[in-house]
Amino acid sequence: MMITMLTASNTLKENEGKSQEELFFSNTESFFNILGELKKKKSEGLWWEFYIPFFYELANTEHLETYCYYISQSSSDLSVNWLASNEKQVEQFNKWLSE
């Protein structure tokens with residue numbers, strides 16, 4: 001249901017003129033933040049104890065854009081080019097991941 005609502009938000013007037021990438025970043029950030037808020041209900045299991053906190057933290061860093069380009073590179077030449085042109089951001093993201 002959350003994904004459907006986020007996708008529907010792409011048609012809002014405030015999102016007019018945004019690129020597909022900008023909408024993807026925004027929706028990904030919103031989705032990860034919603035999951036982080038749901039985690040506060042003390043759910044258990046690998047997803048809730050490892051992945052959700054990780055993605056919630058990621059959504060609240062400066063690395064979300066790099067992450068979105070990274071996961072999109074197999075289907076987007078724009079993402080491949082962005083990653084090649086922004087090596088410093090990729091390096092900082094990798095450093096953050098290893099901490």
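Mentor: A nonpolar core is a set of buried Ala, Val, Leu, Ile, Met, Phe, Trp, Tyr and Cys residues joined through side-chain atoms within 4.5 Å. In this predicted model, the largest such core has 14 residues, and those with the most contacts inside it are Phe 32, Leu 58, Leu 64 and Tyr 67. Helices H2, H3 (46–59), H4, H5 (77–85) and H6 (87–98) each supply at least two residues of this core, and the largest share, 4 residues, comes from H4.

The pair to examine is H2 and H4. The axes of H2 (residues 20–39) and H4 (residues 64–72) come within 10 Å and cross at roughly 110°. Angles of 65 to 115 degrees count as roughly perpendicular, and H2 and H4 are therefore roughly perpendicular to each other. Their crossing is right-handed. On the H2 side, Glu 21, Phe 24, Phe 25, Thr 28, Glu 29 and Phe 32 take part; they meet Leu 64, Glu 65, Tyr 67, Cys 68, Tyr 69, Ile 71 and Ser 72 of H4. By class, this contact has 8 nonpolar, 2 polar and 3 charged residues.

Not counting residues up to four places away in sequence, Leu 64 touches Phe 25, Thr 28, Glu 29, Phe 32, Leu 58 and Ala 59.

Elsewhere in H2 lies Gly 36, which counts as buried because its relative accessibility is 6%. Leaving aside neighbours within four places in sequence, Gly 36 is in contact with Ile 52 and Tyr 56.

Definitions and conventions:
Residues are numbered from 1 along each chain as its sequence is written. This is a predicted model: local features need pLDDT of at least 70, side-chain atom pairs count only at pLDDT 80 or more; totals for chains, interfaces and linings use all residues. Side-chain values use heavy atoms; hydrogens and water are left out. Axes are lines fitted to C-alpha atoms, for helices over the stretch in contact, and angles run from 0 to 180 degrees between N-to-C directions. Angles under 35 degrees count as roughly parallel, over 145 as roughly antiparallel, 65 to 115 as roughly perpendicular and the rest as oblique. A crossing is left-handed if the near helix is turned anticlockwise from the far one by less than a right angle, and right-handed if clockwise. Contact means heavy atoms within 4.5 Å. Ala, Val, Leu, Ile, Met, Phe, Trp, Tyr, Cys and Pro count as nonpolar, Asp, Glu, Lys and Arg as charged, and the others, Gly among them, as polar. Buried means under 20% relative accessible area, exposed over 50%, partly exposed in between (1.4 Å probe, protein chains only).
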